[in-house]
Amino acid sequence: MTFTSDKMRFWSPEVRELEPYVPGEQPKIQNLLKLNTNENPYPPSPKVVAAVQAVLANNADALRLYPDPDATVLKQAIAQQQNVNIDQVFVGNGSDEVLAHIFKAFFIQKEPVLYADITYSFYPVYSQFFSTQTKQIPLNEKFEIDVSDYTQENGGIIITNPNAPTSIALGLDQIERVLKANPDRVVLIDEAYVDFGAESAVSLVNQYENLVVCQTTSKSRSLAGLRVGFAIAQSHLIAALEAVKNSFNSYPIDRFAIAAAVASFEDQEYFETQCQKVIESREHLVSDLTALGFEVLPSKANFIFATHPQHDAALLAQQLRDQGIIVRYFNKPRINQYLRITIGTDEQNQRLVDTLKTHVL
């Protein structure tokens with residue numbers, strides 16, 4: 001929707017210039033196979049469903065009263081599962097809100113914040129929103145992050161690991177090189193997809209006072225509909241995030257989300273089983289697509305990034321859509337011949353492969 005300058009005179013000047021983040025499409029198409037927003041194809045733990053149902057069944061005040069502003073039971077569950085102290089845990093309304101607080105708390109500096117030129121597209125939005133100075137660092141020719149590029153002067157560093165939309169992950173030795181090279185600046189490791197085969201930097205938190213790790217329950221824990229994200233860092237960094245949060249929204253997580261997330265973190269066996277199913281399905285899909293002539297980047301996420309040297313990516317995306325299959329296409333330099341494809345169930349992945357064989361390629 002667009003408005004005339006006369007209508008926009010009520011807007012703050014900064015808002016007039018904003019270029020908002022564009023989320024993945026949520027279409028309503030009959031018999032749709034939705035492989036465009038990296039949602040988990042499997043439901044959350046049955047214990048999650050039971051916990052949500054119990055909120056109303058056991059507490060008549062569940063809707064009348066505010067939730068715990070500190071979400072203490074959730075922080076305790078995360079701390080136990082991640083093997084950290086409770087004062088090292090921060091929670092928010094999805095990892096996007098957590099990222100926003102991180103920008104406000106640490107990245108408004110005189111020097112530019114560094115992040116990759118091809119990465120999560122919310123970073124430029126937050127940079128503009130908070131008037132953050134930034135510098136985008138090009139990925140190398142293999143679409144990899146070269147950590148030697150992150151030793152220059154900066155006001156902070158953001159590394160998505162595994163990176164999105166490329167799906168490629170760094171090892172902890174490379175993360176440590178960045179941390180050691182920037183002892184006086186915050187290094188954010190955004191781990192939205194880490195549970196699908198990458199190494200988490202949470203194990204480094206106690207060694208590095210400048211490290212913040214951000215994760216989400218939306219992907220590996222199948223809770224995208226409830227919006228729970230969290231950060232783990234040493235307590236002095238968590239205190240800054242709490243100050244920002246309590247200056248913005250003291251109650252970011254509702255009772256249902258708290259109960260659901262706690263149940264998810266307590267059911268580690270279910271969580272690990274579902275992650276492994278996605279990993280196995282991913283490797284099988286990569287094999288099938290490679291046999292069809294696709295080139296697929298090495299993935300440690302619940303999605304793949306693929307190109308076909310003989311077919312235009314935009315046309316492929318449209319042809320798949322015509323058959324009721326939605327994948328993510330980015331019309332951006334360097335990646336406009338790639339498709340980001342979410343890993344579905346084995347049956348869903350087979351439908352994608354069969355459709356490519358029969359109707360597209």
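Predicted model: local features only at pLDDT ≥ 70, side-chain atom pairs only at ≥ 80, totals over all residues.
User: What makes the pair of H308 and L292 a polar contact?
Analyst: A polar atom of the side chain of H308 lies 2.9 Å from the backbone oxygen of L292, and since the cut-off for a polar contact is within 3.5 Å, that distance meets the limit.

User: Which residues does H308 touch, leaving aside those up to four places away in sequence?
Analyst: H308 touches L292, G293, F294, L316, Q337 and L361, where contact means heavy atoms within 4.5 Å.

User: What makes strand 7 count as mostly covered?
Analyst: Of the 6 residues of strand 7 (residues 211-216), 6 are buried. L211, V213 and Q215 point one way, whereas V212, C214 and T216 point the other way, and all are buried. In a regular strand the side chains alternate between the two faces of the sheet.

User: How do you know that strand 7 pairs with strand 6 and with strand 8?
Analyst: Pairing needs at least two bridges; 4 bridges join strand 6 (residues 187-190) to strand 7, and 5 bridges join strand 7 to strand 8 (residues 229-233), so each pair meets the requirement. Strands 6 and 7 run parallel, with L188 having V212 as its bridge partner in strand 7, while strands 7 and 8 run antiparallel, with Q215 standing opposite F230 in strand 8.

Key: Residues numbered from 1 in each chain as written. Heavy atoms only, no water. Polar contact = N/O pair within 3.5 Å; in protein donor to acceptor, adjacent residues only side chain to side chain. Buried < 20%, exposed > 50% of the residue type's maximum accessible area, 1.4 Å probe, protein only. Helix = DSSP H or I, 4+ residues; strand = E, 2+ residues; numbered from the N terminus.
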